[in-house]
Amino acid sequence: MTYAQLSVRNDYYVFAKDEVIFVTKNINLNETESKIYLRDEAQIIQGDENERNSGEGELSLYQEGNVDAYEYNYWCSPIGETTNSSDNNKFGISLLNDVVSLTESVPATYVHKSNYNGTSNPLNIEPYWIWRYIAKDDYYGWSHVQGTIVVNPGEGFTMKGTSGSGSAQQYDFRGKPNTGTISVKVKPDKYTLVGNPYPSALDAVAYIHDSENKNTIDGTLRFWEQNPNIDTHYLKEYQGGYAHYTISSDGKLITYTPATFNTFNGDGTLNSSSNYVSTKSLAHVRYIPIGQGFMVKGTVSGYVKAKNSHRAFKKENTVADSTKFFKTTNTKQRAEVISEFSKIPNDYKRFRLNIDFNNQYTRQLVETFHHSATQGFDYGLETTTSIGGSLKSDAYWKTEDLAFLAQALNYDDTMTIPLGIKVANNMPLRIRATDIQNIEDNTPIYIHDKLTNTYIDLKQQDFNINIEKGNYTDRFEIAFSKNTLDLNSEIFKTLDVFQNNTIAQLKIKNPNNIDISLFQLFDVSGKQVINSVINNINSSYTYSTKALSNGVYIVKITSNGNQVFSKKILINNPK
């Protein structure tokens, strides 16, 4: 249906089922009993950015939450109060309703319960869990909303689900439909909870690459994921995190990394005994459904804007180009695929690293190659580290200024890509490659341990190491060819290193008087314990190891020609 302007009077109504209503200008629901019912994927799209809807009547549309009473959904309301103002109105959970029949609903209650649980029948929303987050960067930035009507148009809010809903609670949003340009405040390096504020799908390409939004946000949408098998209201017991999503300006390349609180197999399926799948994959999603909330990160002080020009008619149940609400399956036992990797265009290359920390959780990193990518930040192709800072044990693509979860570069088979890893405790670490696309079969993907000077082709085997607590910013890198200058080349064939544990002394034998410029000694965690600049050519050098703890160490000797000799030694000082 198409209208230049839509006016509904008295107790008349418009009922749309599985259809789009397009209105060029404004909608006027004149009287209290004037209604529009959107059912079975029906949506409204409006054209003019400056028009505003009016009247005291209601738009009614359904949306389903996807969690039970212990987990959060992030929402953004498509409607506001029905006061006859000349603008979009504020929202509160008192505008949510419990469905009775196809056109009838009763207001949900929002009475605080001692167990902090909402209920499905009758529908009672626990008001304690209603929060918003505007231009903040820490946990204390959350603002408590509860049952008050204070959520501005375009602002997101958190809401936990209900007991007895089977993790698929249906809500009837009733109020004046939002339209036009809707602005929400952002600040540099601060996060704001926003979302899709319209009774239609929202095109992520149009939203992210809007000329104004490109100047105010970093181009990444962050979606909350939480494990519903952990039934708790205690923050320290939550298992959750943010999935990161961005999309190229032509809409052809989606870059997505899942939240980091479980381990994943190489094909994207979960490697966990819980059989929990946290969300429907965002690997193929371009259109954001009605009611979906997400975090954005500001780059300047200003506003991120949703506009009518970002709206699109896309159904949630469409298989191709899905707009599925960011949700799990509808039972507590979830065993579907968490991340079906999307096929990338032929002019891109891609691989992912799954980095497993003590087999407890996986940080997944994405590396994408394209001729248009730069050494700086590439909007729509790259995502930086997650909200609230990284985990105690974490990994990231390392640059001088930024740490990336998804990085884009211009491919060169001689390049190296620094990989930062930090671990909070001694633990086993495993690095695996997956989602390898458009990289030639004969091109290796090496993880290079610069400390031990070893190269492991991740196409052929996983990299496993028992790593000590520490922050490794310059030990690991990805390479596509071995750097022969960094191998123990011919020049070092006569060089030898000997550890005399009887007298706690390390000796370098240099019978051919090689021009050595630097001697370094590292412990197995990568910590440098000796750094000796060598200015004179001698046939031997000695160093005391009395002050060092017993254990395995790595010798690294550098020549004036920047060739490197490395060797493991065992220090076992006399008692």
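The paragraphs below lead from the overall build of this predicted model to its cores, its sheets and some local features of its backbone.

Because the model is predicted, local features need pLDDT of at least 70 and side-chain atom pairs count only at pLDDT 80 or more, while totals for chains, interfaces and linings use all residues. Residues are numbered from 1 along each chain as its sequence is written, and side-chain values use heavy atoms, with hydrogens and water left out.

The protein has one helix and 47 strands, where helices (H or I, at least four residues) and strands (E, at least two) are DSSP runs numbered from the N terminus. Of its 575 residues, 56% are buried; buried means under 20% relative accessible area, exposed means over 50%, and partly exposed lies in between, with a 1.4 Å probe and protein chains only. Among contacts (heavy atoms within 4.5 Å) between residues at least 6 apart in sequence, 71% join residues at least 24 apart. The protein exposes about 24,100 Å², of which carbon and sulfur atoms supply 46%; such areas come from the Shrake-Rupley method with a 1.4 Å probe, and for residues only the protein chains shown count as cover.

The interior can be described through its nonpolar cores, each a set of buried Ala, Val, Leu, Ile, Met, Phe, Trp, Tyr and Cys residues joined through side-chain atoms within 4.5 Å. The largest has 33 residues, and those with the most contacts inside it are Leu353, Leu419, Ile431 and Ile478. Among the elements that give two or more residues to this core are β30 (349–357), β35 (416–423), β36 (427–437) and β40 (470–479). Leaving aside residues up to four places away in sequence, Leu419 touches several residues, including Leu353, Ile431, Tyr472 and Phe476. A second, separate core of 31 residues includes Val23, Leu38, Leu61 and Ile290.

Gly291 lies in the loop between β26 (287–288) and β27 (293–297), and Gly291 is buried, with a relative accessible area of 1%. The C-alpha atom of Gly291 is 5.3 Å from that of Trp75, although the two are 216 residues apart along the chain.

Two strands pair if DSSP finds at least two bridges between them. Strand β4 (residues 20–23) pairs with β7 in the parallel sense over four bridges, and Phe22 stands opposite Ile45 in β7. From strand β7 (residues 43–46), Gln43 and Ile45 point one way and Ile44 and Gln46 the other, and all are buried. An open sheet of three strands has the order β2-β5-β8 with parallel pairing, and its edge strands, β2 (6–8) and β8 (54–55), each pair on one side only. Three bridges join β2 to the parallel strand β5 (residues 27–29), with Leu6 opposite Ile27 in β5.

The last features concern the backbone. Most residues other than glycine have a negative phi, and most peptide bonds are trans. The peptide bond from Asn121 to Pro122, however, is cis, with omega near -5°, and Pro122 lies in the loop between β14 (118–119) and β15 (131–132). Tyr116, in the loop between β13 (105–107) and β14, has a positive phi near 65° and is partly exposed at 31% relative accessible area. Asn438, in the loop between β36 and β37 (446–449), has a positive phi of about 60° and is partly exposed at 30% relative accessibility.
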